[in-house]
Every structure is written in C-alpha cells, then in structure tokens.
Amino acid sequence: MNAPWKPSGIAHRDPFTAFVCDETTAETLRPIAAELGWSTDKINKGGLRNAIQSLSVSASPQILFVDLAESGDPLNDINALAEVCEPGTVVIAAGQVNDVRLYRDLVASGIQDYLLKPLQPDMLREAFGHAQAMLNAPKHVEVAVDRPHSAIAVIGARGGVGASTIATSLAWLLADKEKRSTALLDLDVHFGTGALSLDLEPGRGLIDAIDNPSRIDGLFIERAMVRASDKLSVLSAEAPINAPLVTDGAAFHQLQEEMRTAFECTVVDLPRSMLVAHPHLVTDVQIAVIVTELTLAAARDTIRLLSWMKSNASEATVFVLANRLHAGGQLEITRKDFEGSIERKIDYIVPFDQKLAAQAAKLGKPLVEAGKNSKTAAPIVALVAEIASSVDAGAAQEGPKLGKGTSLIGKFGELRSLMPKRKPKAK
Ligand SMILES: Nc1ncnc2c1ncn2[C@@H]1O[C@H](COP(=O)(O)OP(=O)(O)O)[C@@H](O)[C@H]1O
Ligand SMILES: [Mg+2]
C-alpha cells in the first residue's frame with residue numbers, strides 16, 4: 001500500500017473514505033471527519049468486505065478507515081484489500097481483537113495503524129494526524145532519481161542453463177543494491193519460475209494482460225504486479241498447461257511500454273521460444289544477457305543468438321555469461337574453445353554451486369540474496385554494477401556494442417586454474 005515505483009500522484013484522490021460495521025463507530029467517526037474537513041458521506045456501512053468490493057471498482061482514497069469487526073480472518077482480508085487498493089493509500093484499521101501479534105502482522109502487511117474498539121475521539125484524531133503527516137512527508141525515493149529507463153533481457157542459450165536464476169538475481173540486485181525500482185517480467189507464461197523462486201503467488205496479472213492487452217495501463221500495472229520487496233515487483237504466471245498461449249504479442253509490447261514509465265529498470269526473463277515468436281520484444285532493450293553453459297550445444301546456440309541479436313537489436317549491449325561452471329575440469333568444451341567458436345569473450349563466469357542453488361530454492365530467495373557475499377554471487381554482482389554504470393553513463397545509447405566485453409576472470413581466483421593461458425586482467 002505504499003508506492004515504490006510511482007511518484008505518489010494521489011493528490012487528486014478523495015481525502016478520506018471509511019467502512020464501518022456499526023452505528024456507534026460511525027457516530028464517533030463523523031465529528032472527527034467533519035473537523036478535518038472531510039465529507040461524512042464517505043463513512044459507509046459495511047466493514048472490510050465492502051471496502052474490498054468498493055475499491056475493486058473505484059479509485060482509492062488518500063486515507064482509508066476499515067472496520068475489521070466482522071472479518072473472520074483479518075490478516076487474510078487485509079491482504080485481499082491490498083490487492084485492490086491503489087498504492088499510496090494510508091490504511092487505518094479498527095477491531096475488537098486485542099492481540100499484539102495481530103497488530104504486528106497487520107502493520108507488517110502495510111496497515112498504518114490498528115485501533116482497538118470502542119473508539120475514542122482522541123485516538124482517532126491522533127491516528128488521522130499521523131496519516132496526514134505520512135501523506136505530506138517528502139517522498140525521498142522519487143526526488144533523487146531521474147535516470148533513463150533501462151530494459152534488460154535475459155536469454156538462456158539452452159533450457160536449464162540458469163537464465164531464470166540469473167534474471168531473478170539481476171532484478172533483485174538492481175532493486176536491493178542499486179536501489180532502482182525494478183520490474184521482473186517473466187515471459188515463460190506456462191512454466192515461469194519468477195514468482196515461485198521468490199516465494200510468491202504469481203497472481204492473474206500476466207494472464208489477464210495477455211487476454212486483454214487493451215486494458216494494460218499504469219493502473220493495471222500497479223494492481224497486477226506482485227511486490228517482492230520495496231523496490232522489486234514481479235509479473236509472472238503459471239498459465240494452465242492445457243491452454244496454448246494465444247497472443248499476437250501486443251500485450252508484451254504494451255506491458256514493456258507501461259513498465260518503462262512505472263519503473264527504472266525492467267528485467268525480462270525471455271525464453272527462446274518467445275524470442276522466435278515475438279522478435280520485437282528485444283527492439284527496445286538496451287542490454288541483453290545471454291546465459292550459457294560450456295557445452296557444444298550451448299556454443300552453437302550462443303552463436304546463433306549473438307547473430308540474431310546483431311540483426312534484431314543491434315543497439316543493445318550484449319553480455320555473455322557462462323553459468324554453472326564446474327570447477328573440476330571435466331568440461332565438455334573448454335572456455336578457450338568456447339570463446340573461439342563464439343568469436344568473443346565470455347564476460348562473466350558463475351561457478352556451479354549446488355549448495356547455494358538448493359539453499360536459495362529452499363529459502364525462496366534469489367541466488368544472490370541467499371549467498372550475499374559468496375564467490376558464486378560475486379560475478380553477478382559485478383555484472384549488475386557494470387549494467388548500472390553503463391545505464392548511468394548513457395553508454396547503452398551510444399551504438400553497437402556487440403563483441404565488446406570485459407573479462408572479470410581475474411577476480412575469481414578459484415577459476416583461474418581452468419584457464420591456464422589466460423592472463424588475469426584487472427578491471
Ligand atoms: N550457478 C549455479 N549452480 C548450480 N545450480 C544452478 C546455478 N544456476 C542455476 N542453477 C540451477 O539450475 C536449475 C535451472 O535453472 P533455471 O534458472 O530455472 O534455468 P533456465 O531458466 O535457464 O531454464 C535450477 O535448479 C537452478 O537452481
Ligand atoms: Mg527459465
């Protein structure tokens with residue numbers, strides 16, 4: 001219920017709406033609302049359920065008062081409210097359950113305050129005073145940043161190379177480390193793991209978008225995207241596998257457009273099949289990360305993807321990231337041979353780390369969050385730093401960058417043994 005990605009353009013909204021379960025509560029509320037200059041007509045009968053119904057079809061107010069008295073499962077209902085309530089609204093709840101755990105859980109799910117019934121005029125004044133202060137507080141998030149939007153596509157050269165793992169990690173790092181509001185768009189519509197890997201329910205947003213591209217606008221984005229953290233939102237789906245994907249791609253284009261205005265970064269987890277069906281998906285992408293493995297098949301497809309990128313997104317900066325690199329030799333193809341056949345360097349190498357991958361999956365966290373300071377995460381962190389600085393320098397707009405890459409192999413000591421002939425190069 002607070003907006004990480006949008007300037008809080010909520011000044012035009014109604015200042016106040018209330019949903020109360022009984023006349024006594026309404027009576028206590030009316031004079032206070034009047035004192036604050038709010039219309040008492042906005043005090044509606046019916047508690048949380050009515051609030052959810054009403055907000056799903058109308059604009060949210062600046063301050064929302066909801067009575068939880070008739071709710072059997074307040075926490076669950078508050079989460080349902082969060083789905084229909086527009087970001088920025090300050091929510092104050094009231095109820096008769098005196099339980100500090102409930103209070104904490106409610107506050108954790110975004111409620112500004114929980115007032116114990118019966119209500120006293122003074123506690124209402126105080127709560128509304130705080131709410132107004134919240135709304136008037138300077139929004140430190142928005143003032144500082146005015147960067148161009150950057151769209152980053154992550155493409156796996158083969159299935160299972162870890163493209164989704166890398167995409168989720170990039171998005172998380174851009175949001176958490178680089179502090180940029182970030183959207184993760186998982187275009188593996190049937191089998192996507194964008195939400196699952198972050199321990200989230202994907203929701204119906206992406207499926208609705210595909211079904212009704214014309215409905216996609218800023219408000220749709222705000223409502224459909226699932227919040228993973230303060231600065232990271234996800235659009236992912238688990239579309240029923242008995243229904244083929246029917247789309248001309250308009251929805252994806254529209255989604256990218258809207259994300260461009262709503263976020264600073266968009267990370268698109270782009271399955272190869274999507275790229276074949278909807279090549280225009282990469283036309284506005286500034287950065288592409290091709291995730292590969294050191295295998296023959298992956299070398300072949302990296303070559304084909306690099307050449308495809310050259311003709312379909314010649315402006316994009318392309319990085320090649322080799323993932324799941326086994327340390328003990330036993331490679332199907334050496335790094336040197338791989339680089340020889342793709343006719344360029346591998347930019348980043350991420351070691352095979354079964355333990356960390358399993359831990360990340362168990363925790364429902366991105367690989368880089370589960371292994372924050374690990375050697376496995378280091379190259380991904382370095383890639384994000386390079387992406388961020390290239391975006392800031394406007395480097396992404398300067399022209400074709402294909403073929404240019406910076407090897408960071410020198411930074412990862414344990415990998416050096418794999419490449420005896422390569423001189424470590426400091427970045
Ligand atoms: N560096 C790594 N070391 C070990 N396992 C990894 C690594 N990167 C990804 N994985 C695992 O590989 C599997 C496939 O990853 P995923 O990201 O779903 O691949 P893709 O999207 O390319 O099909 C997952 O189980 C993931 O946890
Ligand atoms: Mg995937």
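Guide: A residue counts as buried if 20 or more other C-beta atoms, placed from the backbone, lie within 10 Å of its own, as exposed if 12 or fewer do, and as partly exposed in between. The model is predicted, so local features need pLDDT of at least 70 and side-chain atom pairs count only at pLDDT 80 or more, whereas totals for chains, interfaces and linings use all residues. Residues are numbered from 1 along each chain as its sequence is written, while chains are lettered from A and ligands numbered from 1 in the order in which they are written.

Visitor: How many residues of strand E6 are buried?
Guide: Strands (E, at least two residues) and helices (H or I, at least four) are DSSP runs, numbered from the N terminus, and E6 covers residues 150–156. Ser150, Ile152, Val154 and Gly156 point one way from E6 and Ala151, Ala153 and Ile155 the other way, with both groups buried. E6 is therefore largely enclosed by the rest of the structure, the buried count being seven of the seven.

Visitor: Which residue in E10 is the bridge partner of Val154?
Guide: Two strands pair if DSSP finds at least two bridges between them, and E6 pairs with E10 (residues 265–269) in the parallel sense over five bridges. E6 also pairs in the parallel sense with E11 (residues 287–292), again over five bridges, and there Ile152 stands opposite Ile287. Within E10, the partner of Val154 is Asp269.

Visitor: Which strands stand at the edges of the eight-stranded sheet?
Guide: This open sheet has mixed pairing and the order E8-E9-E7-E10-E6-E11-E12-E13. Three bridges join E12 (residues 317–325) to E13, the two running parallel, and Leu325 has Pro351 as its bridge partner in E13. Each edge strand has a single partner strand, so one side of each is left without a neighbour in the sheet, and these strands are E8 (226–227) and E13 (348–351).

Visitor: What angle does the direction of H12 make with that of E11?
Guide: Angles run from 0 to 180 degrees between N-to-C directions, with axes fitted to C-alpha atoms, for helices over the stretch in contact. Helix H12 (residues 296–312) packs on the sheet and touches E6, E11 and E12. Its direction and that of E11 make an angle of about 170°.

Visitor: Which residues in H16 do the residues of H7 meet?
Guide: Contact requires C-beta atoms, placed from the backbone, within 7 Å. From H7, the residues taking part are Ile166, Ser169, Leu170, Leu173 and Leu174. In H16 they meet Ile380, Val381 and Val384.

Visitor: Which residue in E3 is the bridge partner of Phe19?
Guide: Five strands form an open sheet with parallel pairing, in the order E2-E1-E3-E4-E5. Within this sheet, E1 (residues 16–20) and E3 (residues 63–67) pair in the parallel sense over four bridges. The E3 partner of Phe19 is Val66.

Notes:
Two residues are in contact if their C-beta atoms, placed from the backbone, lie within 7 Å.
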